[in-house]
Amino acid sequence: MNADIIMPPQVAWATGLLTHGPVIAKTTRMSDLRGVFADTAAWQCHDPQQVIYTVEMLDTPTPEGALFVGVTRLRAGTSGGEFYLTRGHFHQRREQGEVYFGLSGNGLLLLQNEQGETRLEAVFAGSVHIIPGETAHRLINTGDVTLCALAVWPTVAGHDYAALAGGFAVRVFASENGYEVCHA
Ligand code: PAN
Ligand code: ZN
């Protein structure tokens, strides 16, 4: 009887580690983030091989209607005073949304619509973020440990990084009180 029970993939809440599934991983290093931080001179001073974030996702089939599940682990740190962040993107299929769940660490989810309007949501263990369609999204680690977040998004969504290659309208810098939000 028990032989019929399938052991599903698992995520370790504290570490974001995905197991018991076919996992594919992508690593983003400092060298991959050219033009992403405001201060290019400061960015050039870092070890280009330094890992800034990893994304591990379940290698699922991709028919229309299917969903991807992935965990982003964003390291803590700053460059030119600006907190480490993900590149950020619109979905290629603009109408497609996404859900993020905070797993561990502390940070912000920066959301920006096609009109350039932004909002920031606090990310922490247990936070739930409904990202609507037509909305670009970026994680920012404002804490001093790795920020881990689980994401679920449609396999058809695709990623458009080019639309915001010029930067988001908001940047977040370290300050005496924790962080400071600057509008471009
Ligand atoms: C996430 C992101 C992940 C890395 O899985 O892809 O946080 O961010 P970038 O893709 O902007 O480098 C997601 O939003 N998927 O759609
Ligand atoms: Zn996305």
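**Exercise 1. Determine whether Arg 171 is buried or exposed in this predicted model, and characterise its salt bridge.**

*Solution.* Step 1: the relative accessibility of Arg 171 is 16%. The cut-off for a buried residue is under 20%, so Arg 171 counts as buried.

Step 1: Arg 171 is joined by a salt bridge to Glu 82, with 2.6 Å between the closest N and O atoms. These partners come from distant parts of the chain, 89 residues apart: Arg 171 belongs to strand β16 (residues 170-175) and Glu 82 to strand β7 (residues 82-83).

Step 2: Glu 82 has a relative accessibility of 1% and is therefore also classed as buried.

**Exercise 2. Classify the geometry of the ring pair Phe 68 and Trp 153, and locate both residues.**

*Solution.* Step 1: the pair is one of two aromatic pairs in the structure. The ring centres of Phe 68 and Trp 153 are 5.6 Å apart and the planes meet at 50°, so the arrangement is tilted.

Step 1: Phe 68 lies in strand β5 (residues 67-74) and Trp 153 in strand β14 (residues 147-154), 85 residues apart.

Step 2: Phe 68 is buried at a relative accessible area of 13%, and Trp 153 is buried at 7%.

**Exercise 3. Describe the surroundings of ligand 1 and its contacts with polar side-chain atoms.**

*Solution.* Step 1: ligand 1 is surrounded by 14 residues, the closest being Tyr 53, Thr 72, Gly 88, Tyr 100 and Tyr 161.

Step 1: oxygen atoms of ligand 1 lie 2.6 Å from a polar side-chain atom of Tyr 100, 2.9 Å from a side-chain N or O atom of His 89, and 3.2 Å from one of His 137. The protein covers 97% of the 390 Å² of accessible area that ligand 1 has on its own.

Step 2: Tyr 161, listed among the closest residues, has Arg 87 over its ring face, 5.8 Å from the ring centre.

Terms used: Residues numbered from 1 in each chain as written. Chains lettered and ligands numbered in written order. Predicted model: local features only at pLDDT ≥ 70, side-chain atom pairs only at ≥ 80, totals over all residues. Heavy atoms only, no water. Phe/Tyr/Trp six-rings, centres within 6.5 Å; stacked < 30°, edge-to-face > 60°. Helix = DSSP H or I, 4+ residues; strand = E, 2+ residues; numbered from the N terminus. Buried < 20%, exposed > 50% of the residue type's maximum accessible area, 1.4 Å probe, protein only. Lys NZ or Arg CZ within 6 Å of the ring centre and 35° of its normal. Near = heavy atom within 4 Å. Polar contact = N/O pair within 3.5 Å; in protein donor to acceptor, adjacent residues only side chain to side chain. Areas by Shrake-Rupley, 256 points an atom, 1.4 Å probe, with all protein chains shown as cover. Salt bridge = Lys/Arg side-chain N within 4 Å of Asp/Glu carboxyl O.
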